[in-house]
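Work through the exercises below with the model open. Try each task before reading its solution.

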Amino acid sequence: MSVQDGVVLVLGATGQQGGSVAAALAAEGWRVRALVRDPASAKVRALAATLAPNRIEVVPGDLGDAASLRAAMKGAYGVFSVQPSSGQGAAHGVSDADEVRYGRAVADAAAEAGVGHLVYSSANAAGAERTGIAHFDTKSEIEAHIRGLAVASTIVRPSAFMEILLLPGLGLNEGRHRFLMRPDQAMQVIAVADIGRIVAGILADRERFRGRTFEIAGDSVSGNMLAEKFSRAAGCPIVYERFPDALLEDDPLLGGLARLLDGGRLAGAADIPALRREFPGMLSMDAWLAGPGKAAFERALRTGGGLALR
Ligand SMILES: NC(=O)c1ccc[n+]([C@@H]2O[C@H](COP(=O)([O-])OP(=O)(O)OC[C@H]3O[C@@H](n4cnc5c(N)ncnc54)[C@H](OP(=O)(O)O)[C@@H]3O)[C@@H](O)[C@H]2O)c1
(Lines give C-alpha, C1' and ligand atoms only; values in the text may rest on other atoms or scores of the structure.)
Protein backbone atom coordinates (compact mmCIF):
# COMPACT_ATOMS: atom_id res chain seq x y z
CA MET A 1 0.00 0.00 0.00
CA SER A 2 1.43 3.32 -1.03
CA VAL A 3 0.90 5.98 1.60
CA GLN A 4 -0.34 8.41 -1.06
CA ASP A 5 -3.27 6.12 -1.92
CA GLY A 6 -4.04 5.07 1.62
CA VAL A 7 -7.01 6.11 3.70
CA VAL A 8 -6.81 5.77 7.47
CA LEU A 9 -9.95 6.01 9.57
CA VAL A 10 -9.09 7.97 12.71
CA LEU A 11 -11.39 7.76 15.71
CA GLY A 12 -11.36 10.51 18.31
CA ALA A 13 -9.80 12.89 15.76
CA THR A 14 -11.15 15.93 17.61
CA GLY A 15 -9.43 14.72 20.79
CA GLN A 16 -5.84 14.59 21.99
CA GLN A 17 -4.61 11.27 20.62
CA GLY A 18 -6.75 11.16 17.48
CA GLY A 19 -5.82 14.76 16.68
CA SER A 20 -2.16 13.94 17.00
CA VAL A 21 -2.55 10.84 14.83
CA ALA A 22 -4.53 12.74 12.17
CA ALA A 23 -1.86 15.46 11.98
CA ALA A 24 1.02 12.98 11.76
CA LEU A 25 -0.69 10.83 9.11
CA ALA A 26 -1.57 13.85 6.97
CA ALA A 27 2.03 15.09 7.24
CA GLU A 28 3.22 11.69 5.95
CA GLY A 29 0.87 11.84 2.96
CA TRP A 30 -1.99 9.63 4.15
CA ARG A 31 -5.60 10.61 3.60
CA VAL A 32 -7.34 10.90 6.96
CA ARG A 33 -10.97 9.94 7.37
CA ALA A 34 -12.25 11.31 10.68
CA LEU A 35 -15.38 9.78 12.17
CA VAL A 36 -17.04 12.49 14.27
CA ARG A 37 -20.27 12.81 16.19
CA ASP A 38 -20.99 16.38 15.04
CA PRO A 39 -19.45 17.37 11.69
CA ALA A 40 -20.56 21.01 12.26
CA SER A 41 -18.81 21.39 15.63
CA ALA A 42 -16.12 23.99 16.24
CA LYS A 43 -13.68 21.16 17.09
CA VAL A 44 -14.21 19.58 13.67
CA ARG A 45 -13.73 22.93 11.94
CA ALA A 46 -10.52 23.46 13.92
CA LEU A 47 -9.28 19.98 12.95
CA ALA A 48 -10.04 20.55 9.26
CA ALA A 49 -8.29 23.94 9.38
CA THR A 50 -5.03 22.35 10.58
CA LEU A 51 -4.87 19.75 7.78
CA ALA A 52 -4.65 20.33 4.04
CA PRO A 53 -8.18 20.04 2.54
CA ASN A 54 -7.22 17.11 0.31
CA ARG A 55 -5.88 15.19 3.32
CA ILE A 56 -9.04 15.08 5.45
CA GLU A 57 -12.50 13.71 4.94
CA VAL A 58 -15.06 14.03 7.76
CA VAL A 59 -17.75 11.37 8.14
CA PRO A 60 -20.57 11.38 10.70
CA GLY A 61 -20.79 8.49 13.13
CA ASP A 62 -20.67 7.30 16.70
CA LEU A 63 -18.64 4.67 18.50
CA GLY A 64 -21.95 3.30 19.78
CA ASP A 65 -23.36 2.90 16.26
CA ALA A 66 -21.82 -0.15 14.62
CA ALA A 67 -23.40 0.62 11.24
CA SER A 68 -21.64 4.00 11.15
CA LEU A 69 -18.32 2.31 11.99
CA ARG A 70 -18.78 -0.24 9.21
CA ALA A 71 -19.69 2.51 6.71
CA ALA A 72 -16.66 4.59 7.73
CA MET A 73 -14.29 1.66 7.20
CA LYS A 74 -15.25 1.06 3.56
CA GLY A 75 -12.09 1.29 1.46
CA ALA A 76 -9.89 2.22 4.43
CA TYR A 77 -6.43 0.69 4.64
CA GLY A 78 -5.90 1.48 8.30
CA VAL A 79 -7.87 2.27 11.45
CA PHE A 80 -6.69 4.12 14.54
CA SER A 81 -8.82 3.13 17.51
CA VAL A 82 -9.08 5.06 20.77
CA GLN A 83 -11.99 5.39 23.17
CA PRO A 84 -12.90 7.83 25.90
CA SER A 85 -12.88 6.27 29.36
CA SER A 86 -14.45 6.62 32.79
CA GLY A 87 -11.00 7.69 34.01
CA GLN A 88 -11.56 11.04 32.30
CA GLY A 89 -14.31 11.89 34.78
CA ALA A 90 -18.08 11.93 34.87
CA ALA A 91 -18.31 14.93 32.50
CA HIS A 92 -17.41 12.63 29.60
CA GLY A 93 -20.39 10.42 30.47
CA VAL A 94 -18.64 7.20 29.47
CA SER A 95 -19.05 4.08 31.56
CA ASP A 96 -16.51 1.26 31.66
CA ALA A 97 -19.00 -0.94 29.84
CA ASP A 98 -19.31 1.74 27.11
CA GLU A 99 -15.54 1.86 26.63
CA VAL A 100 -15.32 -1.91 26.21
CA ARG A 101 -18.36 -1.99 23.91
CA TYR A 102 -16.89 0.80 21.75
CA GLY A 103 -13.43 -0.75 21.57
CA ARG A 104 -14.78 -4.17 20.65
CA ALA A 105 -17.18 -2.70 18.07
CA VAL A 106 -14.35 -0.83 16.30
CA ALA A 107 -12.23 -3.98 16.16
CA ASP A 108 -15.13 -6.14 14.95
CA ALA A 109 -15.97 -3.65 12.21
CA ALA A 110 -12.31 -3.49 11.14
CA ALA A 111 -12.10 -7.28 10.89
CA GLU A 112 -15.40 -7.47 9.04
CA ALA A 113 -14.36 -4.75 6.58
CA GLY A 114 -11.03 -6.49 5.98
CA VAL A 115 -8.94 -3.39 6.70
CA GLY A 116 -5.21 -3.76 6.25
CA HIS A 117 -4.04 -2.68 9.72
CA LEU A 118 -5.76 -1.80 12.99
CA VAL A 119 -3.80 0.22 15.55
CA TYR A 120 -5.33 0.35 19.03
CA SER A 121 -4.20 2.80 21.70
CA SER A 122 -4.47 1.22 25.15
CA ALA A 123 -2.60 2.34 28.31
CA ASN A 124 0.66 1.28 29.90
CA ALA A 125 -0.90 -0.38 32.94
CA ALA A 126 -3.03 -2.71 30.80
CA GLY A 127 -1.96 -6.33 30.65
CA ALA A 128 -2.78 -9.90 31.51
CA GLU A 129 -3.30 -9.26 35.24
CA ARG A 130 -6.10 -7.02 36.42
CA THR A 131 -5.10 -3.72 38.01
CA GLY A 132 -8.29 -3.00 39.93
CA ILE A 133 -8.46 0.37 38.15
CA ALA A 134 -11.48 0.12 35.89
CA HIS A 135 -10.26 2.24 32.99
CA PHE A 136 -7.10 0.14 32.68
CA ASP A 137 -8.86 -3.20 32.96
CA THR A 138 -11.27 -2.13 30.22
CA LYS A 139 -8.29 -1.73 27.92
CA SER A 140 -6.92 -5.19 28.78
CA GLU A 141 -10.31 -6.57 27.76
CA ILE A 142 -10.32 -4.70 24.44
CA GLU A 143 -6.73 -5.81 23.76
CA ALA A 144 -7.66 -9.47 24.32
CA HIS A 145 -10.62 -9.12 21.98
CA ILE A 146 -8.46 -7.61 19.23
CA ARG A 147 -5.89 -10.41 19.50
CA GLY A 148 -8.64 -12.95 18.87
CA LEU A 149 -9.70 -11.38 15.56
CA ALA A 150 -8.48 -12.09 12.06
CA VAL A 151 -7.09 -8.62 11.37
CA ALA A 152 -3.49 -7.39 11.31
CA SER A 153 -3.18 -5.29 14.45
CA THR A 154 -0.73 -3.40 16.62
CA ILE A 155 -1.41 -2.31 20.18
CA VAL A 156 0.41 0.65 21.72
CA ARG A 157 0.22 1.32 25.44
CA PRO A 158 0.95 5.01 26.12
CA SER A 159 2.27 6.12 29.47
CA ALA A 160 0.76 9.13 31.26
CA PHE A 161 0.63 12.13 28.95
CA MET A 162 3.00 15.02 29.70
CA GLU A 163 -0.09 17.20 29.17
CA ILE A 164 -1.79 15.91 32.35
CA LEU A 165 1.07 17.28 34.46
CA LEU A 166 -0.25 20.75 33.61
CA LEU A 167 -3.92 20.25 34.42
CA PRO A 168 -5.53 22.86 36.68
CA GLY A 169 -5.37 22.26 40.41
CA LEU A 170 -1.86 20.82 40.56
CA GLY A 171 -0.52 24.05 42.07
CA LEU A 172 1.87 25.44 39.43
CA ASN A 173 0.27 28.89 39.82
CA GLU A 174 1.32 28.80 43.49
CA GLY A 175 4.94 27.81 42.88
CA ARG A 176 4.48 24.15 43.69
CA HIS A 177 3.49 21.00 41.90
CA ARG A 178 1.68 17.96 43.22
CA PHE A 179 1.26 14.67 41.44
CA LEU A 180 1.17 10.93 41.98
CA MET A 181 4.83 10.06 42.31
CA ARG A 182 6.97 10.44 45.40
CA PRO A 183 9.81 12.99 45.01
CA ASP A 184 12.34 10.22 44.30
CA GLN A 185 10.00 7.93 42.36
CA ALA A 186 10.15 7.89 38.54
CA MET A 187 7.17 7.60 36.23
CA GLN A 188 7.23 7.40 32.45
CA VAL A 189 5.48 10.10 30.42
CA ILE A 190 4.83 10.81 26.75
CA ALA A 191 4.01 13.93 24.73
CA VAL A 192 0.67 13.46 22.95
CA ALA A 193 2.32 14.65 19.71
CA ASP A 194 4.61 11.61 19.83
CA ILE A 195 1.65 9.21 19.90
CA GLY A 196 0.68 10.48 16.45
CA ARG A 197 4.21 10.16 15.10
CA ILE A 198 4.52 6.62 16.45
CA VAL A 199 1.15 5.51 15.07
CA ALA A 200 2.03 6.98 11.66
CA GLY A 201 5.32 5.03 11.76
CA ILE A 202 3.46 1.83 12.61
CA LEU A 203 0.92 2.25 9.82
CA ALA A 204 3.72 2.86 7.34
CA ASP A 205 5.27 -0.57 8.07
CA ARG A 206 2.67 -3.21 8.79
CA GLU A 207 4.99 -6.21 8.38
CA ARG A 208 7.36 -4.85 11.02
CA PHE A 209 4.68 -4.02 13.57
CA ARG A 210 1.81 -6.47 13.09
CA GLY A 211 1.09 -8.61 16.12
CA ARG A 212 3.13 -6.39 18.42
CA THR A 213 1.98 -4.89 21.73
CA PHE A 214 4.31 -2.37 23.34
CA GLU A 215 4.45 0.46 25.82
CA ILE A 216 5.33 3.90 24.51
CA ALA A 217 6.93 6.75 26.49
CA GLY A 218 9.30 9.60 25.73
CA ASP A 219 10.82 10.21 29.16
CA SER A 220 10.89 9.09 32.76
CA VAL A 221 10.60 11.75 35.46
CA SER A 222 10.59 11.73 39.26
CA GLY A 223 8.97 14.44 41.39
CA ASN A 224 12.38 15.95 42.09
CA MET A 225 13.16 16.01 38.37
CA LEU A 226 9.84 17.74 37.68
CA ALA A 227 10.67 20.41 40.29
CA GLU A 228 14.00 21.03 38.61
CA LYS A 229 12.61 21.08 35.06
CA PHE A 230 9.58 23.22 35.94
CA SER A 231 11.75 25.67 37.94
CA ARG A 232 14.13 26.06 35.00
CA ALA A 233 11.31 26.53 32.50
CA ALA A 234 9.44 29.00 34.76
CA GLY A 235 12.54 30.94 35.80
CA CYS A 236 11.50 30.72 39.46
CA PRO A 237 11.52 27.98 42.12
CA ILE A 238 8.79 25.35 41.97
CA VAL A 239 8.73 22.75 44.72
CA TYR A 240 7.31 19.27 44.27
CA GLU A 241 5.41 17.08 46.70
CA ARG A 242 3.23 14.01 46.32
CA PHE A 243 -0.54 14.42 46.71
CA PRO A 244 -1.31 14.49 50.42
CA ASP A 245 -2.14 11.15 52.05
CA ALA A 246 -5.60 12.46 53.04
CA LEU A 247 -6.44 13.11 49.37
CA LEU A 248 -5.16 9.69 48.30
CA GLU A 249 -7.29 8.09 51.04
CA ASP A 250 -10.42 10.08 50.16
CA ASP A 251 -10.23 9.76 46.38
CA PRO A 252 -10.50 6.11 45.34
CA LEU A 253 -9.17 6.72 41.83
CA LEU A 254 -6.14 8.81 42.85
CA GLY A 255 -5.42 6.43 45.75
CA GLY A 256 -5.65 3.45 43.41
CA LEU A 257 -3.34 5.10 40.87
CA ALA A 258 -0.80 5.92 43.60
CA ARG A 259 -0.84 2.29 44.79
CA LEU A 260 -0.40 1.08 41.22
CA LEU A 261 2.57 3.41 40.85
CA ASP A 262 4.09 2.21 44.14
CA GLY A 263 3.67 -1.37 42.94
CA GLY A 264 5.54 -0.52 39.72
CA ARG A 265 2.73 -1.19 37.28
CA LEU A 266 2.03 2.47 36.51
CA ALA A 267 5.68 3.51 36.58
CA GLY A 268 5.99 2.34 32.99
CA ALA A 269 8.28 -0.22 31.42
CA ALA A 270 8.70 1.23 27.94
CA ASP A 271 12.16 0.74 26.43
CA ILE A 272 12.74 4.46 25.80
CA PRO A 273 16.18 4.15 24.12
CA ALA A 274 14.80 1.52 21.71
CA LEU A 275 11.74 3.68 20.98
CA ARG A 276 14.02 6.65 20.25
CA ARG A 277 15.88 4.53 17.70
CA GLU A 278 12.68 3.20 16.13
CA PHE A 279 10.83 6.55 16.11
CA PRO A 280 13.44 9.31 15.85
CA GLY A 281 12.57 12.73 17.22
CA MET A 282 10.59 11.65 20.27
CA LEU A 283 10.30 14.43 22.83
CA SER A 284 11.95 14.43 26.24
CA MET A 285 10.16 16.34 29.00
CA ASP A 286 12.60 19.25 28.54
CA ALA A 287 12.09 19.34 24.77
CA TRP A 288 8.33 19.22 25.23
CA LEU A 289 8.40 22.06 27.78
CA ALA A 290 10.44 24.19 25.38
CA GLY A 291 8.29 23.22 22.37
CA PRO A 292 4.71 21.94 22.09
CA GLY A 293 4.09 22.16 25.86
CA LYS A 294 5.43 25.70 26.32
CA ALA A 295 2.13 27.59 25.90
CA ALA A 296 0.24 25.17 28.16
CA PHE A 297 3.00 25.40 30.78
CA GLU A 298 2.86 29.19 30.77
CA ARG A 299 -0.94 29.04 31.07
CA ALA A 300 -0.67 26.62 34.00
CA LEU A 301 1.67 29.04 35.80
CA ARG A 302 -1.11 31.64 35.66
CA THR A 303 -4.18 29.45 36.22
CA GLY A 304 -5.60 28.16 39.47
CA GLY A 305 -8.66 26.01 39.98
CA GLY A 306 -9.84 22.77 41.46
CA LEU A 307 -8.10 19.49 40.82
CA ALA A 308 -9.25 18.22 37.43
CA LEU A 309 -6.87 15.32 37.10
CA ARG A 310 -8.44 12.57 35.05
N1 LIG B 1 -4.42 11.06 29.99
C2 LIG B 1 -3.46 10.13 30.02
O3 LIG B 1 -2.39 10.34 30.59
C4 LIG B 1 -3.71 8.79 29.32
C5 LIG B 1 -2.66 7.90 29.21
C6 LIG B 1 -2.88 6.69 28.54
C7 LIG B 1 -4.15 6.41 28.03
N8 LIG B 1 -5.16 7.32 28.18
C9 LIG B 1 -6.49 6.98 27.61
O10 LIG B 1 -6.74 7.83 26.49
C11 LIG B 1 -8.14 7.77 26.19
C12 LIG B 1 -8.63 9.13 25.83
O13 LIG B 1 -7.90 9.62 24.73
P14 LIG B 1 -7.80 11.18 24.45
O15 LIG B 1 -7.19 11.85 25.63
O16 LIG B 1 -7.23 11.36 23.11
O17 LIG B 1 -9.38 11.55 24.45
P18 LIG B 1 -10.04 12.99 24.32
O19 LIG B 1 -9.05 14.05 24.04
O20 LIG B 1 -10.96 13.15 25.50
O21 LIG B 1 -10.93 12.78 23.03
C22 LIG B 1 -11.98 11.85 22.98
C23 LIG B 1 -12.40 11.73 21.53
O24 LIG B 1 -13.38 10.69 21.42
C25 LIG B 1 -14.50 11.24 20.71
N26 LIG B 1 -15.70 10.56 21.17
C27 LIG B 1 -16.18 10.51 22.44
N28 LIG B 1 -17.30 9.76 22.48
C29 LIG B 1 -17.53 9.36 21.19
C30 LIG B 1 -18.54 8.59 20.58
N31 LIG B 1 -19.57 8.07 21.29
N32 LIG B 1 -18.47 8.37 19.25
C33 LIG B 1 -17.47 8.90 18.51
N34 LIG B 1 -16.46 9.64 19.03
C35 LIG B 1 -16.51 9.86 20.36
C36 LIG B 1 -14.51 12.72 21.03
O37 LIG B 1 -15.20 13.38 20.01
P38 LIG B 1 -16.19 14.65 20.22
O39 LIG B 1 -15.54 15.77 19.49
O40 LIG B 1 -17.45 14.23 19.58
O41 LIG B 1 -16.33 14.88 21.70
C42 LIG B 1 -13.01 13.01 20.99
O43 LIG B 1 -12.58 13.16 19.66
C44 LIG B 1 -8.81 7.21 27.44
O45 LIG B 1 -9.23 5.88 27.18
C46 LIG B 1 -7.71 7.25 28.48
O47 LIG B 1 -7.89 6.26 29.49
C48 LIG B 1 -4.97 8.50 28.79
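**Exercise 1: a helix residue**

Solution. Helices are DSSP runs of H or I with at least four residues, strands are runs of E with at least two, and both are numbered from the N terminus. Next, accessibility. Buried means under 20%, exposed over 50%, and partly exposed in between, with a 1.4 Å probe and protein chains only. Last, its contacts (heavy atoms within 4.5 Å). Leaving aside neighbours within four places in sequence, Gln17 touches Phe80, Val82, Ser121, Pro158, Phe161, Val192 and Ile195.

**Ground rules**

This is a predicted model, where local features need pLDDT of at least 70 and side-chain atom pairs count only at pLDDT 80 or more, while totals for chains, interfaces and linings use all residues. Residues are numbered from 1 along each chain as its sequence is written, and side-chain values use heavy atoms, with hydrogens and water left out.

**Exercise 2: a glycine**

Task: find which residues Gly103 contacts, leaving aside its neighbours within four places in sequence.

Solution. Start with the location: Gly103 sits in helix 4 (residues 96-113). Its relative accessible area is 1%, so Gly103 is buried. The contacts in question are Gln83 and Ile142. Now take a C-alpha distance. Gly103 and Gly64 are 39 residues apart along the chain, and their C-alpha atoms are separated by 9.6 Å.

**Exercise 3: strand 1**

Task: explain why strand 1 counts as largely enclosed by the rest of the structure.

Solution. Take strand 1 (residues 7-11) and count. Five of its five residues are buried, so the strand is largely enclosed by the rest of the structure. Then check the pairing, which needs at least two DSSP bridges between two strands. Five bridges join strand 1 to strand 2 (residues 31-36), and the two run parallel. Val8 stands opposite Val32 in strand 2.

**Exercise 4: the whole chain**

Task: compare the radius of gyration with that of a compact globule of 310 residues.

Solution. The radius is taken over C-alpha atoms, and the globule rule is 2.2 Å times the number of residues to the power 0.38. The rule gives near 19 Å; the protein has 19 Å, which agrees. The C-alpha trace spans about 55 × 40 × 40 Å along its principal axes. Of the 310 residues, 53% count as buried. The secondary structure comes to 13 helices and twelve strands.
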